Amino acid sequence: MQWLSTADGTFEEYVERYRPHVIEMNQPFSGKVGHLLSSGDPFRGAELATLLQIDALYPKRFDTCSSGEQQIVRVAFALVDRPESIVLIEPFRHLDQFRKEHLEMLLRRISGLGVQIGYTEKAREQSGDVTFTFTESNRAPIIDAQDVSYRHPLQAVYAIEDVTIQMNEPGLTVCIGTNGSGKSTLLELLAKSRRPLKGRVKRGERAVYLPAEPEYGPFPKEERRRVAQLQAVLHDPSSVLLLDEPTVDLTGQEREAFVEAVRQKAETARVVCATHDMELIDRSTDVIYLASGRVVFHGTRSLFQERSTLWSLTSSPS
């Protein structure tokens, strides 16, 4: 398995040499995951689902899966036809640390069986110096969610269940949890882009909401689209910013610059980020931990680090 840089020509050389099937990891699918993976060879699809630990997603509609779950399904779909050589474009971009490590291990194993696998990963790319600037907010932030529950259409299980959150002062909140725990749905409810089935959400003013997929945000013609989106968000005077996986699609230098700028922005605004980024978590003031749509922890980062058994495992360099 080989990492391919898009900056130094490695990607183009690899494609020219192996003529692989290039898999864009943002392609949309419709219908249930089980139908998607079983459309050609049901046995092959079932085996891949078992290997990638997505058996439980079979009855779930693809568009109701979390960003990370969709990423794993796309990888499985890419392998259904037994390709000899593939390139996966950003296969790890929405995965929590454990799923990323598991997928890396499985891809290495599949590569050892004779499948030539290349992949891109923006976080490993180098870029020139980048600076993010911000505008201070001058109003007190208010987020008040009371007993909020939400279930996606045609799904039996609640994506968010009985969540109560109150914030009325500036700070940097990270919303964490495994893929599919409800982080993105919670941000959509706080942004009022989804209406809860139960409970209510109140805010003092309009919130700025940025979805996880850069393709759905503004600046479609910008070469560094995510950078442009984040810069615009930081300059918005709103006192409530809701950012879904903001550091995805950033290089290492871009991520460091953004984390520092958003930390400063959070001195005058309430910034809530759904994330798996350890650096962003480590700079936060407080943590919301979601499990199966429920808030199982909400408190200061220091208390979270003190109580968390897994923190030392996920925050250590790999």
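Analyst: Happy to! This is a predicted model, and it holds zero disulfides.

User: What makes Cys65 and Cys175 count as buried?

Analyst: The cut-off for buried is under 20% relative accessible area. Cys65 has 8% relative accessibility, so it counts as buried. Cys175 has 0%, so it counts as buried too.

User: Why are helices H4 and H5 called roughly parallel?

Analyst: Their axes cross at roughly 5° and come within 12 Å. Angles under 35 degrees count as roughly parallel, and therefore H4 and H5 get that label. On the H4 side the contact is made by Glu69, Ile72, Val75 and Leu79, and on the H5 side by Arg99, Leu103, Leu107 and Ile110. By class, that is six nonpolar, no polar and two charged residues.

User: What makes E9 and E13 the edge strands of their sheet?

Analyst: The open sheet has six strands in the order E9-E10-E11-E7-E12-E13, with mixed pairing. E9 (208-210) and E13 (294-300) each pair on one side only.

User: How do you know that E9 pairs with E10?

Analyst: Pairing takes at least two bridges. Three bridges join E9 to E10, and these strands run parallel, so they count as paired. Val208 stands opposite Leu241 in E10.

Technical notes. Residues numbered from 1 in each chain as written. Predicted model: local features only at pLDDT ≥ 70, side-chain atom pairs only at ≥ 80, totals over all residues. Heavy atoms only, no water. Disulfide = S-S within 2.5 Å. Buried < 20%, exposed > 50% of the residue type's maximum accessible area, 1.4 Å probe, protein only. Axes fitted to C-alpha atoms, helices over the stretch in contact; angles between N-to-C directions. Helix = DSSP H or I, 4+ residues; strand = E, 2+ residues; numbered from the N terminus. Parallel < 35°, antiparallel > 145°, perpendicular 65-115°, else oblique. Contact = heavy atoms within 4.5 Å. Nonpolar A, V, L, I, M, F, W, Y, C, P; charged D, E, K, R; others polar.
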